[in-house]
Amino acid sequence: MEYIQKRKAGKLNRKEFGRRLRLARKQANISSNQLGNERCQVDPAYIRQIESGLKLPSIPILIRICNSLQISPSYLLENELKIENKYTNWDELAAKILQISPVFRQIIYDILQSLTENLAERKSKKESDLKENDTRIQKEFGRRLSKVREERQFSPQQLAINCGITVAFIHQIETGIKLPSLSTFTSLCNELQISPSYLLGNELETIDYPYNEKELQQILYHMTPKAQKITIDIIRILIQNLAELTVL
């Protein structure tokens with residue numbers, strides 16, 4: 001059997017992660033006690049340890065933090081992510097839509113909604129499933145990871161080598177048995193060139209972006225890169241043509 005050496009797993013900058021978390025918490029006017037006790041159901045001392053760079057949160061705690069502070073995981077991990085077009089030119093796209101007349105803008109939103117209904121992977125949670133469930137998180141995370149890995153044409157062996165982990169661990173993640181650490185999670189996002197929001201998408205609550213268009217959020221949260229590209233390309237063509245009509 002051919003021996004293939006794994007890459008050394010990268011280390012996440014805990015200090016920078018903690019600094020960003022502390023800044024987001026203060027901007028939200030939430031104390032560490034409130035974030036820990038009331039919103040994340042963890043010891044506030046644990047939140048302070050994260051903010052001081054002593055610890056990193058697990059994936060379930062990361063989800064609770066993002067939902068509590070209404071921030072994207074991409075914000076907390078921004079300095080660690082090496083993803084081309086990681087925001088899919090978000091601001092540029094939304095700004096161009098706003099430059100079009102309201103009538104044509106509504107046409108774009110209607111088409112965008114139709115696209116997301118067919119391409120997005122948002123799953124409705126049953127009432128019995130509304131409470132956070134680690135097993136559900138693991139299974140959905142694993143399903144999304146497997147889907148984007150296959151879309152990117154990575155074998156489990158190749159992804160494991162590039163992320164400095166074992167093939168067995170990749171299988172455990174994809175079958176919903178385990179979740180990766182935050183450092184490994186970031187490595188997976190970088191290797192597959194996928195936004196953290198996609199892998200966590202079904203657990204992240206709606207965030208009120210400046211443009212406040214839920215359809216736009218679905219692109220980032222619930223579409224693979226391939227589906228994102230199809231959607232973005234269609235919307236760009238529509239914007240270009242409708243913008244010309246607006247000028248006439």
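1. S183 is buried, with a relative accessible area of 19%, where buried means under 20%, exposed over 50% and partly exposed in between, with a 1.4 Å probe and protein chains only. S183 is found in helix 11, helices being DSSP runs of H or I with at least four residues, numbered from the N terminus. The C-alpha atoms of S183 and L77 are separated by 9.8 Å, although these residues lie 106 residues apart along the chain.

2. On provenance, this is a predicted model, in which local features need pLDDT of at least 70 and side-chain atom pairs count only at pLDDT 80 or more, while totals for chains, interfaces and linings use all residues. Residues are numbered from 1 along each chain as its sequence is written, and side-chain values use heavy atoms, with hydrogens and water left out.

3. The structure holds one aromatic pair, pairing being assigned to rings of Phe, Tyr and Trp (its six-membered ring) whose centres lie within 6.5 Å. The pair is formed by F141 and F185 and is tilted, at 5.8 Å centre to centre and 50° between the planes; planes under 30 degrees apart count as stacked, over 60 as edge-to-face and the rest as tilted. It links distant parts of the chain, with F141 in helix 8 (residues 134–151) and F185 in helix 11 (residues 182–192), 44 residues apart. Both F141 and F185 are buried.

4. The axes of helix 9 (residues 156–163) and helix 10 (residues 167–174) come within 8 Å and cross at roughly 110°, the axes being lines fitted to C-alpha atoms over the stretch in contact, with angles from 0 to 180 degrees between N-to-C directions. That angle makes helix 9 roughly perpendicular to helix 10, a class that covers 65 to 115 degrees, whereas under 35 counts as roughly parallel, over 145 as roughly antiparallel and the rest as oblique.

5. In the contact of these two helices, P156, Q157, L159 and A160 in helix 9 meet V167, I170 and H171 in helix 10, contact meaning heavy atoms within 4.5 Å. The residues of this contact divide into five nonpolar, two polar and no charged.

6. E174 is also found in helix 10 and, at 14% relative accessibility, counts as buried. Leaving aside its neighbours within four places in sequence, E174 is in contact with G142, R143, L145, S146 and R149.

7. V103, placed in helix 7 (residues 102–119), is exposed, with a relative accessible area of 60%. V103 and L242 are 139 residues apart in sequence and 9.9 Å apart in space, C-alpha to C-alpha.

How values were computed:
Ala, Val, Leu, Ile, Met, Phe, Trp, Tyr, Cys and Pro count as nonpolar, Asp, Glu, Lys and Arg as charged, and the others, Gly among them, as polar.
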